[in-house]
Amino acid sequence: MILKLVHCLVALTGLIFAKPYQQQQAVLAPSQDVPLRDIHIGDINFIHTTDTHGWLGSHLSQNDYDADWGDFVAFVDILREKILQQSRDVIVIDTGDKRDGNGLSDATWPAGLRSSEIFNMMDYDLLTLGNHELYTAESAILEYRGTSQSSKFKDKYVCSNVEFIEDDGTRVPFGNKYITFETPIMKQRVLALSFLFSFQRANNRAIVTPPLEEITQKSWFQNMVETNREEEIDLIIVFGHLPATDPTEREMHKIHALIRKYYPNTVIQYFGGHTHIRDFVQLDSKSTCLQSGRFAETVGFLSINMTDPVDAESPIFSRRYIDFNKEAFKYHLSKLGHDSDVPVSTKKGKTISRLVNDLRHELNLNEKLGYIPQTYYVSTRPLNSEENLYHLVTHKILPNLIPPKNYEPSMSRFILINTGSVRYDLYKGPFTKDTEYIVLPFNNDWRFITVPLVVASRVETYLNKGPVIASLGIPSSSHHKQHFGGFQKCPFINNPNLSEGYTTEDDLGCHGDDTPHNSQREYDIPNVVQCKEVKKVQEEEADPSKMVHVIFYSFMELDILNAVNSIINDLGLRMENLTTNDCSHYGGDSTKKLLRDYFSQF
Ligand SMILES: *[C@@H]1O[C@H](CO)[C@@H](O)[C@H](O)[C@H]1NC(C)=O
Ligand SMILES: *[C@@H]1O[C@H](CO)[C@@H](O)[C@H](O)[C@H]1NC(C)=O
Ligand SMILES: *[C@@H]1O[C@H](CO)[C@@H](O)[C@H](O)[C@H]1NC(C)=O
Ligand SMILES: [Zn+2]
Ligand SMILES: [Zn+2]
């Protein structure tokens, strides 16, 4: 009898009962019809980017983020000029993670080799590193020598808790431990510090000391406090690569508690990053933290009026998350007197846009490999939706993995991938080389084990109960604030005139985004997803002792073995624990290649 191989049962059902294809409406409302929310200029004004991850070339398939780095530099330069005309100060800040996420940074070795030069053309007043500057020795060296020690930034680069290791083994601070300066217009005396979260996986050319340990155990901090007394400082800026909201570690809150001891009345402004969300947290009446999203989707704007005219003691904070597009840039400048018929551009901005495009061509990122007929989402559609990217991968992509020649093609199999290996939504439009860098950049080797069906069918559930499977240090894909045990307080927006996008809820309410959008619901995404191909007869007979293949990425091997052995143990099966020796090479194309092949047919 010929056993029928059911390729991913659900997919097959979906084919048989195929519904007329429903196109997701992603039409962008003409932005002149959607009133934007203004920025409010204060005494000190901040422009903040974080977690740009190489996205200097705009989002070619997303109109809401259509500005490139040249447009952004032009915006900041004109904004700075307008604010200076009002005799107010501007400070431009970045909080790290500048590579791993886009072909512009990742198609070179080391990642960021060429994109850093373009990134650094922005006249940042304060900058630092993120964990993605530290995964490899090469990227640490590039960041230290090319940015931290560059003549442009060596007085502006701050890194309070990271050290660089020179070729001869000497440990040196990765940047200034802290800096002090006076703002040019308002003459505010500023003390600036910067912390990277307690990152454990730095390469051998960098040492990260946990922030709290750094400031409680190293003498520079005490010296700093003694030479910069509270009465000599008007404003403390703590910017760094750590999240504003972090219910487990609370590192920023702990740093704040300690700094407050020495500066009980000083205004302290934090800027954060790493979790890729828009966020604003009020720490106390004189201290807040702004976090400005990810991937050049957001320009964070924050202003402080150092004293409230009514209550002279307390400052007033205002924040705005600006969508990274040309219309929004034009809108905000027009409110400050920039002619709204004149495009937001400068000579320098145009040069940068040209450099970005040249680099794109040089790295072949525009090379068209296929077409994406509809948008697939990582986490803003439920896992069982036809619009979910993992649904696509488990139902249409992984079934195309060809078994090795010497194995029965009719062998039942479970193919597991960790969800962290996919890092961005897949937008309708051309499928290019850059799409691969953005969505699924890594090649993978497939490994497999042979276990009874009863064990194999429990692996996915087992892994999804456990801790997150450390992937290759790639950015998390979630970009919405998790409502940790709390309630969503902001209304869910669903207005046909608006496009889907950020509708941020933060400590100042529901109106921080400059552009009103329809809300997106964020669904929980498990650790792993699987493609399950069980022979129909076998499943009907439910023969749990039948041997099947479990196939997985090589780097998941230890997680898989642990899961399998625990299941064997829990079921009390009379079989020995499996070891690495029981895992074999499966062969076949990587998920990346399978995805490319799938879209090359359109
Ligand atoms: C700061 O004060 C100016 C002048 O009074 C006012 O126009 C502006 O809205 C204030 N900004 C904030 C953030 O309160
Ligand atoms: C959508 O826009 C149209 C035209 O401007 C307007 O009449 C309508 O009230 C808007 N709908 C909503 C829900 O805001
Ligand atoms: C088999 O592996 C499980 C899970 O790792 C472990 O709890 C158990 O002690 C192991 N059994 C033996 C005999 O090593
Ligand atoms: Zn990041
Ligand atoms: Zn990070």
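Reader: Which residue does the side chain of Thr-50 join in a polar contact?

Author: This is a predicted model, in which local features need pLDDT of at least 70 and side-chain atom pairs count only at pLDDT 80 or more, while totals for chains, interfaces and linings use all residues. Residues are numbered from 1 along each chain as its sequence is written, chains are lettered from A and ligands numbered from 1 in the order in which they are written, and side-chain values use heavy atoms, with hydrogens and water left out. Thr-50 lies in the loop between β1 (44-49) and α2 (69-85), helices (H or I, at least four residues) and strands (E, at least two) being DSSP runs numbered from the N terminus. A polar contact is a pair of N or O atoms within 3.5 Å; within protein, one must be able to donate a hydrogen and the other to accept it, and residues adjacent in sequence count only if both atoms are side-chain atoms; at 2.8 Å, the partner of Thr-50 is Asp-51.

Reader: Is Thr-50 buried or exposed?

Author: Buried means under 20% relative accessible area, exposed over 50%, and partly exposed in between (1.4 Å probe, protein chains only). The relative accessible area of Thr-50 is 2%, so Thr-50 is buried.

Reader: Which residue coordinates both the zinc ion (ligand 5) and the zinc ion (ligand 4)?

Author: The zinc ion (ligand 5) is coordinated at 2.1 to 2.2 Å by Asp-97 (OD), Asn-131 (OD1), His-241 (NE2) and His-274 (ND1). The two zinc ions are 3.4 Å apart, and the residue that coordinates both is Asp-97.

Reader: How many residues apart in sequence are the parts tied together by Asp-97 and His-274?

Author: Asp-97 is buried, at 1% relative accessibility, whereas His-274 is partly exposed, at 24%. Asp-97 lies in the loop between β2 (89-94) and α3 (103-106) and His-274 in the loop between β10 (267-272) and β11 (278-284), so the distance in sequence is 177 residues.

Reader: Which side-chain contact does Asn-305 make with ligand 1, and at what distance?

Author: A residue is near a molecule if one of its heavy atoms lies within 4 Å of it, and the residues around ligand 1 are Ile-41, Ser-303, Asn-305, Ile-316 and Ser-318. A nitrogen atom of ligand 1 is 3.4 Å from a polar backbone atom of Ile-41. For Asn-305, a polar side-chain atom lies from an oxygen atom of ligand 1 at 2.3 Å.

Reader: Which residue has a side-chain N or O atom 2.4 Å from an oxygen atom of ligand 3?

Author: Ligand 3 is surrounded by Asn-562, Asn-565, Ser-566, Asn-569 and Asn-577. A polar side-chain atom of Asn-562 is 3.4 Å from an oxygen atom of ligand 3. At 2.4 Å, the residue is Asn-577.

Notes
Donors = N, O, S within 2.8 Å, 3.2 Å for Na, K, Ca; no water.
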